[in-house]
Amino acid sequence: MTITQDPWETLHTSALLGTDRRPLPATALPLADAVDQGDPATALLELAALAAVRRRAGALPVPAAGPPGPPAAEDTRPELPEPAARRLAVLLAGRTGSGGGTLANLAELLPQWLATARASGLRPPAALVPGLLDAARARSELRSDAVALAGPLGRWLAEQNPDWRFVLRTTAPEPARQPADDRVWHEGLFAERVTHLTLLRRRDPAAGLELLRGTWSTERAEDRLLFLDALQDGLSPADEPFLEAALGDRSKNVRATAAELLSTLPGSALARRMAERARAAVRLADTGTHLLVTPPTECDARMQRDGIAPKSPTGRGERAWWFGEVVAAAPLSLWPESTGLTPERLLALRVGDSIDETSSSWADDLREAWARAAVRQQDADWARALLGPAPTAPARGARARALRTTGAPAKLLAVLPPPERAAWTAAFIAVHGLGEAFQLLGACATPWTPPLSTAVVDALARAAASGAYPWSHSGVLGMTERALAPEAAAAVEELTAGAAPDSAWSETFARLAGTLRFRAAMLAELADA
């Protein structure tokens, strides 16, 4: 029996191995005489072109899939007005539009447009829905808003096109739990399961916990870790028994995550155990003038079960590591209750060693642990005390040092109400400029308030006047294009006029002003809908 090799496979093998190692046979194709045999590589390409034509010419039509299914459900939302629809088309295409000026990367403005349009209760024209789904497929951070905007048509299209199947996983579940809801939990990919659990926890925390508990013992350690993270949504004392049991998990990362979640529940048994340890580690001196620190001398089995690693993963001394973990996990209410002092007064006290009361080596460790506790427990009073009042003096001095010792000023700032964040950051920028403000600005709600926007524009003007280059503030400038209040466009245009023509700052300010004008028009179109 003679087996005839597919000519296409012959060409494929020669292309992979190289014509010097696998010469083309003279009978590779019936049309081999029609190609140039002088150069093997050229002959290979010509034969491949001929083979492709033959294969396509011989292809048979695919049988029809049957009658079309039911159409998409009716979408009763009003359609975007024509100007807003045109704007969406521009954003999806990434075009800069007409106007002569250079704008920011328009793709970076798409999240703001989508969130605003979604809040307005509008739907895009049907012709733009495929492009919207393509954008969401490429950028996962767009999916929630894009899927909500696409509505029933987006879901219908996702059922026809496998590339858009993420829509079926992203769409928010119905208020009533359906029996088929849990199929993705038992049959889906890991990312689909995490999404399903997260959505279920937001809707019905008890049902989400029940679902996780049912398969917990069979999950891989790395999967258990991320499933635990999903419990942050709707976390309550009802989750404590499950998390307490997870403290005995064979994975140290799972144990640590369970302990961190329990420490955010001030009434949990773990929080009480940590409070006892913290009370033994820090006490108010009899004179009431300073705090005395006695860090743990060992990390016993009970501490390890509560999520404290016996070896420091940060390079710090072991006792400092144990001390920080204990204080960070203890309820912050412990300290005013045990000392009768406010957070501000406690932070103002000198910190000494229980052996050498003149030593202040534990002060930074204590302050850093309190900062982590404030972020973990979302305690605005402690966050406010740790940050201190907004800067008012031009010198960096003690205030800048205090910011560094908190460990995470941007995280502390995020605990405060949005107006307070903006006011604090504006004052900081007025004193210190933009050099250290990137993370602080990232913690502020967008668009930035007028006072914060003014502070940023003024700081940019000072940077330009100082001779600094724009790219030294590229991170802040990128954020500014998306977050600066559009009303600041006129002030930025004044900076453009005052900058040297054709200079880097002139181009930067022109770009920023053009982007602000674009955003203003974009938001106005949606507001008028």
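This is a predicted model: local features need pLDDT of at least 70, side-chain atom pairs count only at pLDDT 80 or more; totals for chains, interfaces and linings use all residues.
Visitor: Where do I start? How many helices and strands does the chain have?

Guide: Start with the secondary structure. The chain has 28 helices and three strands.

Visitor: What share of the residues is buried?

Guide: Burial is judged by relative accessible area, with buried meaning under 20%. In this chain of 529 residues, 43% are buried. The accessible surface comes to about 27600 Å². Carbon and sulfur atoms account for 55% of that surface.

Visitor: What share of the contacts joins residues 24 or more positions apart?

Guide: Count the contacts with a separation of 6 or more. Of these, 66% join residues 24 or more positions apart.

Visitor: Now helix pairs. At what angle do α4 and α28 pack?

Guide: Read the angle together with the axis distance. Helix α4 spans residues 110-119, and helix α28 spans residues 504-527. They pack at about 15°, with axes 10 Å apart. Angles under 35 degrees count as roughly parallel, so α4 is roughly parallel to α28. The crossing of α4 past α28 is right-handed.

Visitor: Which residues of α4 and α28 meet?

Guide: From α4 come Q112, W113, T116 and A117. From α28 come R519, M522, L523 and L526. By class, the contact of α4 with α28 has five nonpolar residues, two polar and one charged.

Visitor: How does α26 cross α28, and how far apart are the axes?

Guide: Helix α26 covers residues 474-483. Its axis comes within 8 Å of that of α28, and the two cross at roughly 25°. That angle makes α26 roughly parallel to α28. On the α26 side, the contact uses L477, T480, E481, R482 and A483. On the α28 side, it uses T508, R511, L512, T515 and R519.

Visitor: How do the residues of the contact of α26 with α28 divide by class?

Guide: Three are nonpolar, three are polar and four are charged. R519 takes part in the contact with α4 and in the contact with α26.

Visitor: Let me try one residue. Where does R462 lie?

Guide: R462 lies in helix α25, residues 450-465.

Definitions and conventions. Residues are numbered from 1 along each chain as its sequence is written. Side-chain values use heavy atoms; hydrogens and water are left out. Axes are lines fitted to C-alpha atoms, for helices over the stretch in contact, and angles run from 0 to 180 degrees between N-to-C directions. Helices (H or I, at least four residues) and strands (E, at least two) are DSSP runs, numbered from the N terminus. Angles under 35 degrees count as roughly parallel, over 145 as roughly antiparallel, 65 to 115 as roughly perpendicular and the rest as oblique. A crossing is left-handed if the near helix is turned anticlockwise from the far one by less than a right angle, and right-handed if clockwise. Contact means heavy atoms within 4.5 Å. Ala, Val, Leu, Ile, Met, Phe, Trp, Tyr, Cys and Pro count as nonpolar, Asp, Glu, Lys and Arg as charged, and the others, Gly among them, as polar. Buried means under 20% relative accessible area, exposed over 50%, partly exposed in between (1.4 Å probe, protein chains only). Accessible areas come from the Shrake-Rupley method with a 1.4 Å probe; for residues, only the protein chains shown count as cover.
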